Amino acid sequence: ILEKPTLRTSLRHVLYAEEHDNTITLSTLAKKSNRLSLVKAVAAVGGAREGQPTGAEWVRDLLQAAYLDTQPRRNFKILINPAGGPGKARGIFEKRIKPILDAARCVTDVTCTTHRGHAREIAMTLPLTYDAILLVSGDGLPHEVVNGFAQRLDARAAFERTAIVPIAAGSGNAFSVNLLGPQEGMDPVMGILNAIKGKPMKLDLASVTMQNSKETIYSFLTQTGGLMAELDLGTENLRWMGDTRFIVGFIRGLWSKTPRALKVTIRDPDNDKERLLQSFLNDPPPPHAPDAEESNEIPARMPGPKYADEPDDAEGWVTFDKPILYMQGGLLPWVGRDLIDFPLKQPCDGSLHL
C-alpha cells in the first residue's frame, strides 16, 4: 500500500498561496536532499462544510499567519556581483534565488555590477522607493552600498528607508553569518527568506578618515591593519577556494611573524571583561532598535568624525605604540563562519570592540 504524498513545511517557509476555481496553489520552501528548495503544491478544494473556512478564507488565514506583521510582496532592488568570491553569484541567483522571489510575488529590479565601485555609484542615486536592496555577493557590495548611501545628501533617509540585505555568494559572507548565524548564514536561500520576511534592524557604523586626504569611509564589519588585512588582500588570487583562502593567508602570516609598526590611540577604553560579560548577559540591547525621534538637530547627511581633530595626548586617550602582528576593530561578532572575534559585540550598542 502506497502512502499518500506528504509535504512537511513550516509557516516560516511559506512564501505564497492563492485560490482560483476551487484549486489552491501553495509555494513554500521544504527540505530536499538536505537543503531547502522551492516546492509548489496544488490541491483541489471541495465544498466547505458548515463551520469550516472556504478555500479563499483558508489562504487568507495562512498568509496572515505566515507573514504576521511583515508586508508580503516586497519591492527589491537587486545587485549581483558576478566576479565575487568563487564567481558563481549569477548562477546562484538564476537557479536558486529568482524562482523563490517569483514564487513570493516580489517585485524585482536586477543589475549586475560591471566594475569596482559600481554598487556605490548605484547607491548614491538609488530612488528610495524600494523596501530593500539585495546584494548577491560577499561582503564587498554591502561595503560599497553603505558608502554610497553615506555620500548622499539624504543619507539618513536612505539608511532608514532602504534595508541592506546580504545574500551569501562570496568568499567570506561575514555580514550574512552575523545576521543569520554560522549555519544559515552561508545559505543564499536563507538569505532570500530573510529579505522576504525579515524585519529591519539598526547596526553600528564606524568612520575611517584618511590622515592625508581627509577622505572618510564607513565600515560596518571590521577595520583591520597588519596580518588580518593582508590575509584578505594577499589571497585575491585564491578566490576559487572560497573562505578557505583566509585560513591559508592566516597561516602564511603566522609563519612569517612579521611585526607591524601600528600606532593605536583609543578613547576611554573599557577593558574590564568581567563587567562587559555581565552587562551582555543581564542587559542586552533589543534586537530591533527603536526609531530615533525626529528632530531638527539631526542632520540629513552623515555626521563628520567626532574626534578626528583631537590631539593624541588629549584627556581620555590611551596610546598603544608597540610592534604587533595585527589590529582589528569589530562592529559585529563574527568575522567568518568559523571565527567569532568579538563575542560580546551587540549590533547597535554604539561601541567598537578592539
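Modeller: Let us start with a term: a polar contact is a pair of N or O atoms within 3.5 Å, where, within protein, one atom must be able to donate a hydrogen and the other to accept it. Please keep in mind that this is a predicted model.

Colleague: What makes the pair histidine 353 and serine 351 a polar contact?

Modeller: The side chains of histidine 353 and serine 351 are joined at 3.4 Å, and because the cut-off is 3.5 Å, the pair counts as a polar contact. Histidine 353 itself lies in the segment after β15, and, leaving aside its neighbours within four places in sequence, histidine 353 is in contact with residues including Gln328, Phe342 and Lys345.

Colleague: Why is helix α7 called largely enclosed by the rest of the structure?

Modeller: Nine of the 10 residues of α7, which spans residues 188–197, are buried, so the helix is largely enclosed; among them are Pro188, Gly191 and Lys197. At the start of α7, a side-chain oxygen of aspartate 187 comes to within 2.9 Å of the backbone nitrogen of valine 189.

Colleague: How do you know that strand β6 is mostly covered?

Modeller: Six of the six residues of β6 are buried, and buried means under 20% relative accessible area. Ala132, Leu134 and Val136 point one way while Ile133, Leu135 and Ser137 point the other way, and all are buried.

Colleague: What makes β4 and β6 a pair?

Modeller: Pairing needs at least two bridges, and β4 and β6 have five, in the parallel sense, so they pair by that definition.

Note on methods: Residues are numbered from 1 along each chain as its sequence is written. This is a predicted model: local features need pLDDT of at least 70, side-chain atom pairs count only at pLDDT 80 or more; totals for chains, interfaces and linings use all residues. Side-chain values use heavy atoms; hydrogens and water are left out. Buried means under 20% relative accessible area, exposed over 50%, partly exposed in between (1.4 Å probe, protein chains only). Helices (H or I, at least four residues) and strands (E, at least two) are DSSP runs, numbered from the N terminus. Contact means heavy atoms within 4.5 Å.
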